[in-house]
Amino acid sequence: MQTCIFKDYQSLSIKVVQEIAQLVITKPDAVICLPSGETPRLTCTLLVEKAHAEKIDFSRVTFFGLDEWIGIPPQNEGSGNYFFYSNVFAPLKIARAKIHLFDGMADDLSNECRKMDLAIAAAGGIDLMLVGIGMNGHIGFNEPGTSPNYYSHVIDLDKITTSVGQKYFKQATVLGKGITIGLKHLLESKRVLVIANGIKKANIIKKMMEEEISEMLPASIVRKHFNAALMIDEEAASLYGKY
Ligand code: PGA
């Protein structure tokens, strides 16, 4: 796995944007999976700026949203849907038909998973999957203990995820389950970028890179990928490689 360490969050985000833009320029019908959360926020802002400034055409790109909270409506600012639309899809005017997001309010969640898996297959697989890393080492909502053989699935969220997740919501919110694209999709993606910034991620980055690869630490599974890069700032890298 490639490791790229950047001076700060800004330079890390610029590099991620360059890679996404380059992909779309060389493959205008690229298939891209995006995460929500704090880490990708600046990437999204800079991507939209670059797309507008350089007139990069995103109209043929197919987008997938990595995960969603179950029971949280899309109008809620803490939802993945809200994040994706406000930060990327609305500003880039992406057509509805090109967007695949989980509906966390759906009655039939197995069907949501099936639809997502079929849509990824129909798109020809994911060209570029951008993911963050949770404080517990999760990727998307692939929580510790999740099999790397799963495609999309519904999961009981880890306590760390439900408590850290409060930061996305204006008021205290009951979080219990999530729906997520699986690690099997990640392993089958043509390119994976794991991004992390800030000192709070230093410990989990060290574990992800130095501990034995295990489904108890889902981020470590990314090390098995044939074309993945860890892109982190100096703070997130500050414990990794040191003893
Ligand atoms: P964050 O979330 O980007 O808000 O830190 C990362 C994650 O939980 O995957």
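I looked up Tyr-85 and Phe-89 in this predicted model and found both in helix H3 (residues 80-92), four residues apart, about one turn of the helix; helices (H or I, at least four residues) and strands (E, at least two) are DSSP runs numbered from the N terminus. I kept in mind that residues are numbered from 1 along each chain as its sequence is written, and that side-chain values use heavy atoms, with hydrogens and water left out. Local features need pLDDT of at least 70, side-chain atom pairs count only at pLDDT 80 or more, and totals for chains, interfaces and linings use all residues.

Next I noted the accessibility, where buried means under 20% relative accessible area, exposed over 50% and partly exposed in between (1.4 Å probe, protein chains only). Tyr-85 has 27% relative accessibility, so it counts as partly exposed, whereas Phe-89 is buried at 1%.

I then turned to ring pairs: rings of Phe, Tyr and Trp (its six-membered ring) pair if their centres lie within 6.5 Å, and planes under 30 degrees apart count as stacked, over 60 as edge-to-face and the rest as tilted. I found eight aromatic pairs in the structure. The rings of Trp-69 and Phe-141 have centres 4.8 Å apart and planes at 50°, so I recorded this pair as tilted. Trp-69 lies in strand S4 (residues 67-69) and Phe-141 in the loop between strand S6 (128-131) and strand S7 (153-156), so the pair ties together parts 72 residues apart in sequence. Trp-69 counts as buried at 5% relative accessibility, and Phe-141 counts as buried at 5%.

Tyr-85 and Phe-89 form an edge-to-face pair, 5.4 Å centre to centre with 80° between the planes.
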